[in-house]
Amino acid sequence: MVARPPVRLVIEPMTFLDLPRCRRSSAPASTTPWPEHAYQAELETNKLARYLVVRAGHEVVAYAGIWLMVDEAHVTTFAVAPAWRRRRIGERLLTAALDLSIARGAREATLEVRLSNLPARRLYEKYGFRPVGIRPRYYSDDHEDALIMTTEPLLSPGMQTRLAALGAELAALPDPERPDPPLPAVGP
């Protein structure tokens, strides 16, 4: 395998032009991705919603959505394209979402995650989320339970120390290499 050159990642607000790219990047990542029109409605009419994308060149490789309700940030959606996983892109995106939440006045953050999604649960725990409950049969595709997770207060000294240390660690990392393109399918 030949090393591929690093690609610069950019995290910025989602736009309408990103919607088809988000759909493509999430299709393999989620068994029940939101339809494009749901994101369009969120961007057009939901004053509580903020969505971020991670771009590698012109490609959207990850995205996240949060609703900022009074003093709580609720992570509504979070996806990293499979080819881009295990490159700490999810960490960069989660850090940006938490920074945005703090800037918008959120005191804590919450989310739901599949009980079976151990990699995501580990990521959220690393960033200070802890289990606080279960939503039985939450997911419509297979009726799997969701684990409800929340942070301690985002401006608490412990959380601020955690976020600063993790942010510094991420800032010191080089940009990830572009993944190798998938092999073409071979017919029978």
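What percentage of the 188 residues in the chain is buried? Buried residues make up 40% of them. The model is a predicted one. Its chain contains seven strands and five helices.

**Overall architecture**

- Along the sequence, the elements follow the order β-α-α-β-β-β-α-β-α-β-β-α.

**Surface**

- The chain has an accessible surface of about 10,600 Å², and carbon and sulfur atoms account for 58% of that area.
- Leu48, Met69 and Val70 make a nonpolar surface patch of about 290 Å².
- Met69, one of the residues in this patch, belongs to strand β3, which covers residues 59–69.
- Met69 counts as partly exposed because its relative accessibility is 30%, and the partly exposed class lies between under 20% for buried and over 50% for exposed.

- Thr151 is part of strand β7, which covers residues 146–151.
- The relative accessible area of Thr151 is 1%, so Thr151 is classed as buried, the cut-off being under 20%.
- Leaving aside residues up to four places away in sequence, Thr151 touches Glu108, Ala109, Tyr127, Gly128, Phe129, Arg130 and Met159.

Notes: Residues numbered from 1 in each chain as written. Predicted model: local features only at pLDDT ≥ 70, side-chain atom pairs only at ≥ 80, totals over all residues. Heavy atoms only, no water. Patch = residues over 30% accessible without salt bridge, like charges linked within 9 Å, V, L, I, M, F, W, Y side chains within 5 Å. Areas by Shrake-Rupley, 256 points an atom, 1.4 Å probe, with all protein chains shown as cover. Salt bridge = Lys/Arg side-chain N within 4 Å of Asp/Glu carboxyl O. Helix = DSSP H or I, 4+ residues; strand = E, 2+ residues; numbered from the N terminus. Buried < 20%, exposed > 50% of the residue type's maximum accessible area, 1.4 Å probe, protein only. Contact = heavy atoms within 4.5 Å.
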